[in-house]
Amino acid sequence: MPKEDYRRLQEIAQRLRNSEPPFFRGNHIGSIQAFVRDAGKCQYCSRYLYESYAVLGDSDTDHILPRSKYELFKHEARNLVACCIECNKIKGDWDPATEAMGQRSLEIRTLSDLETQRDELIKRTREHIQRTPGKWQALFEKARQNFEDAVAEYHRAAPEAKSA
Ligand SMILES: [Zn+2]
């Protein structure tokens with residue numbers, strides 16, 4: 001994406017952040033830019049994040065190159081993508097430049113390296129997330145079972161409290 005487009009994107013994001021209702025006010029400008037550029041869709045699973053307040057509330061932007069390793073790109077909109085909570089949890093701190101299975105490492109040191117390899121990095125991450133066998137899904141199923149057991153136990157044990 002050319003520099004000029006990023007300047008325009010920044011202006012639009014700035015305006016959105018100042019708009020009413022003050023829904024976007026607490027967000028980092030880089031995140032708002034990423035959301036606008038990505039049309040509000042998770043760049044890994046294509047889910048539309050403005051589907052409901054609940055979905056959006058949990059969603060975030062993902063650092064394509066993890067901020068723990070790439071200090072330089074921490075607030076860089078080009079290193080951010082709109083991302084749903086599930087994809088974000090699966091990806092964590094995974095680094096598409098060096099950890100992609102069976103693919104050569106990419107050396108990304110400058111913004112220009114990032115620009116050149118950006119599509120490739122997103123593609124690698126998407127594949128990684130699709131490959132990762134429903135780890136979070138399985139944990140969630142277990143947590144849901146524990147919750148439902150607790151609800152059942154409570155409502156079985158205290159029928160008079162329930163009707164009071
Ligand atoms: Zn997603």
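Me: Which residue in β2 is the bridge partner of aspartate 62?
Reply: Valine 81 is the bridge partner of aspartate 62. Before we go on, this is a predicted model: local features need pLDDT of at least 70, side-chain atom pairs count only at pLDDT 80 or more, and totals for chains, interfaces and linings use all residues. Residues are numbered from 1 along each chain as its sequence is written.

Me: How do β1 and β2 pair?
Reply: Strand β1 (residues 60-63) pairs with β2 in the antiparallel sense, over 4 bridges. Two strands pair if DSSP finds at least two bridges between them. Strands are DSSP runs of E, at least two residues, and helices are runs of H or I, at least four, numbered from the N terminus.

Me: Which way do the residues of β2 point?
Reply: Leu80 and Ala82 point one way, Val81 and Cys83 the other, and all are buried. Buried means 20 or more other C-beta atoms within 10 Å of the residue's own; exposed means 12 or fewer; partly exposed is in between, with C-beta atoms placed from the backbone.

Me: New topic. Where is cysteine 42?
Reply: Cysteine 42 is in the loop between α2 (29-37) and α3 (53-58).

Me: Why does cysteine 42 count as buried?
Reply: Because cysteine 42 has 23 C-beta neighbours inside 10 Å.

Me: What is it in contact with, leaving aside neighbours within four places in sequence?
Reply: Cysteine 42 is then in contact with Arg47, Leu49, Ala82, Cys83, Cys84 and Cys87. Contact means that the C-beta atoms, placed from the backbone, lie within 7 Å.

Me: What about alanine 39 and serine 46, buried or exposed?
Reply: Alanine 39 is exposed, with 11 other C-beta atoms within 10 Å. Serine 46 is exposed too, with 10. Alanine 39 has a positive phi of about 55° although it is not a glycine. For serine 46, also not a glycine, the positive phi is about 70°.

Me: Now α5. Where does it bend?
Reply: Helix α5 bends at glutamine 117, by about 60°. The bend is the angle between axes fitted to the seven residues ending there and the seven starting there.

Me: Which residues of α5 are buried?
Reply: Leu114, Leu121, Arg124, Thr125 and Ile129. These buried residues pack against α4 (85-91).

Me: Last one. Which peptide bond is cis?
Reply: The bond from glutamate 20 to proline 21 is cis, with omega near -10°. Proline 21 lies in the loop between α1 (3-17) and α2.

Notes: Contact = placed C-beta atoms within 7 Å.
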